[in-house]
Each structure stands twice: as C-alpha cells, then as structure tokens.
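Work through the exercises below with the coordinates open. Each task is followed by a solution in steps.

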Amino acid sequence: MARRSVADIEKIWSNVEGVKKLSDRAVGIGPFGIGLDGLLTWVPVVGTVYSVGAAAWLLMQGLRARAAPGTLLQMVSYLGLDTATTAVGEVVPFAPDIVDLLFPGHLMAARALQKDIETTHWVEANEREARAAGAHEGHVADMRRNPKLRRIVYLHD
C-alpha cells in the first residue's frame, strides 16, 4: 500500500463532503435537504444503483482513511438502512420512497467518517520507528493535550 499523508486524509474528507451534499443536501430547506439519493429513488433501478454505488464509495473512503471499526460499523448501519429502503421501493410503491427521501443515510455516514477523521491524530511516520526513536510518547502527549482527539493513526504503517 502506498504511503499516505495528511494531505491525502484531507482530500478524503473533502471528497466525502462533496458526496454528502450531492446525495442528501443538493437543495437545503432549513434542516431538511434533498439530493440525488432522494430524487433517484423515484426512478426504478436507477435509485438503487446510485444508493449502492454511493454507499460503496463512502465505505471505501472509510477504509482508505483507516476509520475506526466502530465508525465503519456505524456507516454500514446508516448506509444499509438507506439502501434497504431504496431497494424495497422497487417492490412496494411509494412508502419506502418517501422514507428514503427523508432519511439522509449517505449524509449520516459521511458525517460519521468526517468526525472520525477530525478526532484522529494523524502521524506521517511508521509506528515501530516512532516508538524506537522515542517520538511515540510525544504523539500520545499531543493527543492528550487536545481533548477532541481520540486515537493515533500512523500513516506509514
């Protein structure tokens, strides 16, 4: 696997923001929004294909960003429910379409991933080498000084 940098993680965060808006907040009306996911749910098969594709892409970004297992599970839950309502809409008319229109699963999964990225102390180094050089303790101290941070991820592992 190629070595990642903090810039790569920032790019993942930015790309996820774009999909979040496109899928569930292309048009915002107060606290509510409508995006491609909600609009395409009314088009047979196309809505399901989009929902599954966007979900897979978001999960792939989570894996690329080395999201915590709990975050990935949370994302799978949101995306699974979102995709299930889209798929049921293929069989049962209208009710699931309305639920899918109002349930912003892609948005919720994207927010979970973005929060995970924001609460991680990213280190552009190898953990074993950082421990051997004594730098690991400094990274732990940096993390403890910032109550927002919950974990350390070494990008070159």
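**Exercise 1.** With which residue does arginine 151 form a salt bridge, and how far apart are the closest N and O atoms?

Solution. The model is a predicted one.
Step 1: The partner of arginine 151 is aspartate 116, and the closest N and O atoms are 2.8 Å apart. A salt bridge here requires a side-chain nitrogen of Lys or Arg within 4 Å of a carboxyl oxygen of Asp or Glu.
Step 2: Arginine 151 belongs to strand β4 (residues 151-154) and aspartate 116 to helix α6, so the pair ties together parts that are 35 residues apart in sequence.
Step 3: Arginine 151 and aspartate 116 are both buried.

**Exercise 2.** Classify the accessibility of glutamate 127 and arginine 131, whose side chains meet in a salt bridge (2.9 Å, N to O).

Solution. 
Step 1: Both residues lie in helix α7 (residues 127-133), four residues apart, and are therefore separated by about one helical turn.
Step 2: Buried means under 20% relative accessible area and exposed over 50%. Glutamate 127 has 27%, so it counts as partly exposed.
Step 3: Arginine 131 has 45%, so it also counts as partly exposed.

**Exercise 3.** Describe the largest pocket: its volume, its lining and the elements that contribute to that lining.

Solution. 
Step 1: The volume is about 220 Å³.
Step 2: The pocket is lined by 13 residues, of which Pro31, Phe32, Gly33, Leu102 and Pro104 are the closest to its centre.
Step 3: At least two lining residues come from each of β2 (32-34), α5 (95-102) and α6 (105-118). The largest share, three residues, is supplied by β2.
Step 4: By class, the lining has nine nonpolar, one polar and three charged residues.

**Exercise 4.** Which residues make the nonpolar surface patch of about 330 Å²?

Solution. 
Step 1: The patch is made by Val27, Ile29 and Phe32.
Step 2: Isoleucine 29 is located in strand β1 (residues 27-29).
Step 3: The relative accessible area of isoleucine 29 is 54%, so this residue is exposed.

Notes. Residues numbered from 1 in each chain as written. Predicted model: local features only at pLDDT ≥ 70, side-chain atom pairs only at ≥ 80, totals over all residues. Heavy atoms only, no water. 1 Å grid on protein atoms, 1.4 Å probe; cavity = no way out; pocket = protein on both sides within 12 Å on 5 of 7 lines; lining within 4 Å. Points joined across faces, edges and corners; volume = space filled by probe spheres on them. Nonpolar A, V, L, I, M, F, W, Y, C, P; charged D, E, K, R; others polar. Patch = residues over 30% accessible without salt bridge, like charges linked within 9 Å, V, L, I, M, F, W, Y side chains within 5 Å. Areas by Shrake-Rupley, 256 points an atom, 1.4 Å probe, with all protein chains shown as cover. Buried < 20%, exposed > 50% of the residue type's maximum accessible area, 1.4 Å probe, protein only.
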